[in-house]
Amino acid sequence: QSQLVESGGDSVQAGGSLRLSCVASEDIYRDNCLGWFRDVPGKEREGIASISTSNGRTFYAESMEGRFSISQDSDQNTVYLQLNTLQPEDTAVYYCAARGIGYCTRFLITSAAGWSYWGQGTQVTVSS
């Protein structure tokens, strides 16, 4: 069954760090573009970062690079999102998503449209 399963969300103090995990089924993971998005209350879903699983190339949304880092473990079909120096405005539900197939480009992470698969989300809450 094609699926994405996120984990790692938690409640942390401002300045803290978390690592989110997304385990993908083999059919989704192989030779595909996977990404992370988040839903902040009152805002549209926003892209964070993406990674091409075949070559490890990464792309970041303009406002997200620096504190957030995407990586993968291809042996585990897993994509990670490292969140550092978290702030209360980072409080959101974080989602893993996958395209149908192919490589990431810098433009794909700018919109939630066109992503074929979504996980159930994992909650990150940052308190001041």
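Me: What makes Arg 99 stand without a salt bridge, and is Arg 99 buried or exposed?

Reply: This is a predicted model. In it, Arg 99 is buried and has no salt bridge. A salt bridge needs a side-chain nitrogen of Lys or Arg within 4 Å of a carboxyl oxygen of Asp or Glu. The nearest side chain of opposite charge, Glu 44, is 14 Å away.

Me: Where is Arg 99, and which residues does Arg 99 touch?

Reply: Arg 99 is in the loop between β9 and β10. Not counting residues up to four places away in sequence, its contacts include Asn 32, Cys 33, Leu 108 and Trp 115.

Me: How do you know that the charged end of Arg 99 sits over the ring of Trp 115?

Reply: The distance cut-off is 6 Å from the ring centre, with an angle limit as well. The charged end of Arg 99 is 5.2 Å from the centre of the Trp 115 ring and counts as sitting over it. Arg 45 does likewise with Tyr 95, at 4.1 Å from the ring centre.

Me: How many aromatic pairs are there?

Reply: The count comes to 3 aromatic pairs.

Me: Why is the pair of Phe 37 and Trp 118 called tilted?

Reply: Ring centres must lie within 6.5 Å to pair. Those of Phe 37 and Trp 118 are 5.1 Å apart. Planes under 30 degrees apart are stacked, and over 60 they are edge-to-face. Here the planes stand at 55°, so the pair is tilted.

Me: What does the pair of Phe 37 and Trp 118 tie together?

Reply: Phe 37 lies in strand β4 and Trp 118 in strand β10, so the pair ties together parts 81 residues apart in sequence.

Me: Why is the pair of Tyr 95 and Trp 118 called edge-to-face?

Reply: The planes of Tyr 95 and Trp 118 are at 80°, so the pair is edge-to-face. The centres are 6.4 Å apart, and the limit is 6.5 Å. Ring pairs link Phe 37, Tyr 95, Trp 115 and Trp 118 into a cluster.

Technical notes. Residues are numbered from 1 along each chain as its sequence is written. This is a predicted model: local features need pLDDT of at least 70, side-chain atom pairs count only at pLDDT 80 or more; totals for chains, interfaces and linings use all residues. Side-chain values use heavy atoms; hydrogens and water are left out. Rings of Phe, Tyr and Trp (its six-membered ring) pair if their centres lie within 6.5 Å; planes under 30 degrees apart count as stacked, over 60 as edge-to-face and the rest as tilted. Helices (H or I, at least four residues) and strands (E, at least two) are DSSP runs, numbered from the N terminus. A charge sits over a ring if NZ of Lys or CZ of Arg is within 6 Å of the ring centre and within 35 degrees of the ring normal. Buried means under 20% relative accessible area, exposed over 50%, partly exposed in between (1.4 Å probe, protein chains only). Lys and Arg count as positive and Asp and Glu as negative; His and the chain ends are not counted. Contact means heavy atoms within 4.5 Å.
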